[in-house]
Amino acid sequence: MHDWLRTLWLMLDRYCGGFASSSFEDWIDRDTLAILKESWLRETSPLKYVVCPDCLDHDEEPILREYPGVAPKWFIPCPESGRVQLRPDELQQWQFDLEAIARTIAGTLSLSGPLSVEIPQKLWRLGRAPWQNRTREVWLLRDSPSLSRTDLKLALKSSRQAIVLTYGRVLPDPLWKTRSPAFVLLSHVSQWCDGKFSIDAMQLLEAVRDQDDMVCESMPAETGRVSSKRIRRQVKEEIASMLTDEAMVAAYFQHGSVRLAAEALSIQTKSEISKDKVYRALKRSGVEIKAPVNHNSCSVRRTVASQRCDNRKIISDSTDTVDWQ
Ligand SMILES: [Zn+2]
């Protein structure tokens, strides 16, 4: 993940007020910033104080000067340079659109159901994810200092086994007891590649599984009427059922065959993922599956470069043979 996205999550957890464009220049490149201005940022009222663009040593209240026949101009006084004219963009103030970010995350995960705001600017119900013949609700949490744990627990109370994506770390809290949601840090599962935001489905599955395991292990003995072995098996089954078509397509392109993809996913999820399951996901996704040259062979004679940001690319090199058994 690019460092700037990690920085952004941490920043949004604590602050979402207004920023000058210059505030981003040290940590977000110009192209990315242009994309963010179209998606996650919105312009608010002009800045009341502007850092002097000449000496960067003081901030001043802009002064408007109007001249006949030309557009009005803004200036600030500078002890070194005298009167400094401001460009229009130097007066612009931006604010992160928290709702737009929530919509992007929900869209990336292809969740079902409507997105709703549970606690304004702090907690969103993003939608539902399939999970072993049922669904689990996915939430987004901005754990700002003014959000009380009691309010948070109250909001999540109706959501069984909630998956909560967080901007920042949520500390263990005795309030959760045995019904703790699976908290997953966005910085662990999200990335920005080629101007697009994405979430790594496999990493998300792993993180949820780890959290579920921790909850199981922390269950008090008196409530542990179900054996730990049975719980672990159930968790694995749930993870396997949550595997998205996208994750299976990505595994296919990474490993070069349906069989190897199924094997790798079985290892990653610690659950049996059949070749048929991967094959059906590929067909649903419209992926061209290369037929094996030698049907008796179980070996793979090519390696497919694993490029995390380019895993939808169809393998077009006809000289390669890929075993999809
Ligand atoms: Zn100055």
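**Close-up 1. Leucine 141 faces threonine 166 across a strand pair.** In this predicted model, leucine 141 sits opposite threonine 166 of strand S12. The two strands that meet in this view are S11, residues 134-141, and S12, residues 163-166, and their pairing is parallel, with four bridges. As a friendly reminder, strands in a sheet are paired by hydrogen bonds of the backbone, in either a parallel or an antiparallel sense.

**Close-up 2. Five strands make up an open sheet.** Stepping back from that pair, we find the strand order S9-S10-S11-S12-S13, with mixed pairing. Strands S9 (116-119) and S13 (182-185) are at the edges; each has a single partner strand, so one side of each has no neighbour in the sheet. From one strand to the next, the twist averages 35°.

**Close-up 3. Helices H3 and H4 lie across strands of the sheet.** Take helix H3 to begin with: residues 98-108 lie across S10 (123-131), S11 and S12, and the helix runs at about 0° to S10. Helix H4, residues 149-156, lies across S9, S10 and S11, with an angle of about 140° to S9.

**Close-up 4. Methionine 248 belongs to the largest nonpolar core.** This core counts 53 residues, and Met248 is among those with the most contacts inside it, together with Trp139, Leu165, Tyr252, Ala261 and Val278. Helix H8 (residues 245-255) supplies the largest share of the core, seven residues. Which residues does methionine 248 contact, leaving aside its neighbours within four places in sequence? They are Leu243, Ala261, Leu265, Val278, Ala281 and Leu282.

Conventions: Residues numbered from 1 in each chain as written. Predicted model: local features only at pLDDT ≥ 70, side-chain atom pairs only at ≥ 80, totals over all residues. Pairing = 2+ DSSP bridges. Axes fitted to C-alpha atoms, helices over the stretch in contact; angles between N-to-C directions. Contact = placed C-beta atoms within 7 Å. Core = buried A, V, L, I, M, F, W, Y, C linked by C-beta atoms within 7 Å. Buried ≥ 20, exposed ≤ 12 C-beta atoms within 10 Å, placed from the backbone.
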